[in-house]
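Here is a short report on one protein chain. Look at the whole chain before turning to its parts.

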Amino acid sequence: MTELASPGQLRASLLRWSLFLAPLLLLLGTLSGMMSGSGGNNYWFAGLEKPAIYPPPATFGIVWTILYLLMGIALAMVVTARGAPGRGLAIAIFVVQFLLNLAWSPVFFGMQLLVPGFYLLLAIDVAVLLTVVLFYRVRPLAAWLLVPYLAWVLFAAVLNWQFVQANPEEAAGAQVALAS
């Protein structure tokens with residue numbers, strides 16, 4: 001087959017991939033949070049001193065739902081950009097940042113590790129920024145769809161650091177437990 005796909009076929013492919021990837025990423029993100037006991041029902045977290053910038057708890061579910069859906073659509077745009085230079089690397093770095101993202105809730109909420117959670121968020125910040133740059137080279141719109149995610153994980157790093165500052169005994173206790 002030597003013909004290029006028609007515009008209609010390309011749109012259909014993007015739609016199919018979006019309808020697969022967006023719910024998949026949302027499901028995986030939700031499972032990560034649920035399995036690690038994230039949120040207000042976590043007794044350890046409920047006992048922590050909350051920083052002044054801590055948003056209402058309902059904010060997190062709303063924001064993450066939107067972000068996972070945007071990530072899925074952005075990824076679908078890059079996945080369907082067959083033949084685009086840098087496509088494979090962009091997808092690989094996306095997978096890395098997404099795995100780091102999925103690891104944060106188990107580290108912070110499940111293992112109750114404030115400081116390692118902060119360092120993990122710094123790694124996520126760098127990985128998401130790199131993903132945005134690589135996505136831009138493949139499909140600029142896909143990169144723009146990730147900008148709210150980048151902004152949120154940057155905010156999350158600041159918030160996590162403020163949790164460390166507001167709960168020094170908790171942060172120190174976790175570090176001692178890790179060293180043992």
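Accessible areas come from the Shrake-Rupley method with a 1.4 Å probe, and for residues only the protein chains shown count as cover. The accessible surface of the chain comes to about 9,800 Å². Carbon and sulfur atoms hold 72% of that surface.

This is a predicted model: local features need pLDDT of at least 70, side-chain atom pairs count only at pLDDT 80 or more, and totals for chains, interfaces and linings use all residues. Residues are numbered from 1 along each chain as its sequence is written, and side-chain values use heavy atoms, with hydrogens and water left out.

**The whole chain**

The chain has seven helices and zero strands. Helices (H or I, at least four residues) and strands (E, at least two) are DSSP runs, numbered from the N terminus. Along the sequence the pattern reads α-α-α-α-α-α-α. The C-alpha atoms fill a box of roughly 65 × 30 × 25 Å, taken along the principal axes.

Of the 180 residues, 41% are buried. Buried means under 20% relative accessible area, exposed means over 50%, and partly exposed lies in between (1.4 Å probe, protein chains only). Contact means heavy atoms within 4.5 Å. Among contacts with a separation of 6 or more, 80% join residues 24 or more positions apart.

**Helices α3 and α6**

Helix α3 covers residues 58-79, and helix α6 covers residues 140-166. Their axes come within 8 Å and cross at roughly 145°. Axes are lines fitted to C-alpha atoms, for helices over the stretch in contact, and angles run from 0 to 180 degrees between N-to-C directions. The α3 residues that meet α6 include Phe60, Trp64, Leu67 and Ala74. Their partners in α6 include Leu145, Tyr149 and Trp152.

Ala74 sits in helix α3. Is Ala74 buried or exposed? Ala74 counts as buried, because its relative accessible area is 0%. Beyond its neighbours within four places in sequence, Ala74 touches Phe135, Ala142, Leu145 and Leu146. Ala74 and Leu21 are 53 residues apart along the chain, and their C-alpha atoms are separated by 9.3 Å.

| Residue | Relative accessible area | State |
|---|---|---|
| Ala74 | 0% | buried |
| Thr80 | 15% | buried |
| Ile93 | 17% | buried |
| Gln112 | 30% | partly exposed |
| Leu28 | 33% | partly exposed |

Thr80 lies in the loop between α3 and α4. Leaving aside neighbours within four places, Thr80 contacts Ser13, Leu14 and Trp17.

Ile93 belongs to helix α4 (residues 87-110). Ile93 and Leu48 are 45 residues apart in sequence and 33 Å apart in space, C-alpha to C-alpha.

Gln112 lies in the loop between α4 and α5 (114-138). What is the phi of Gln112? The angle is positive, about 60°, although Gln112 is not a glycine. Most residues other than glycine have a negative phi.

**A patch on the surface**

Leu28 has its place in helix α1 (residues 7-35). Leu28 also belongs to a nonpolar patch on the surface, together with Phe20, Leu24, Leu27, Leu31, Met34 and Met35. The patch has about 700 Å² of accessible area. Patches are made of residues with over 30% relative accessible area and no salt bridge: like charges are joined within 9 Å, nonpolar side chains (Val, Leu, Ile, Met, Phe, Trp, Tyr) within 5 Å. A salt bridge is a side-chain nitrogen of Lys or Arg within 4 Å of a carboxyl oxygen of Asp or Glu.
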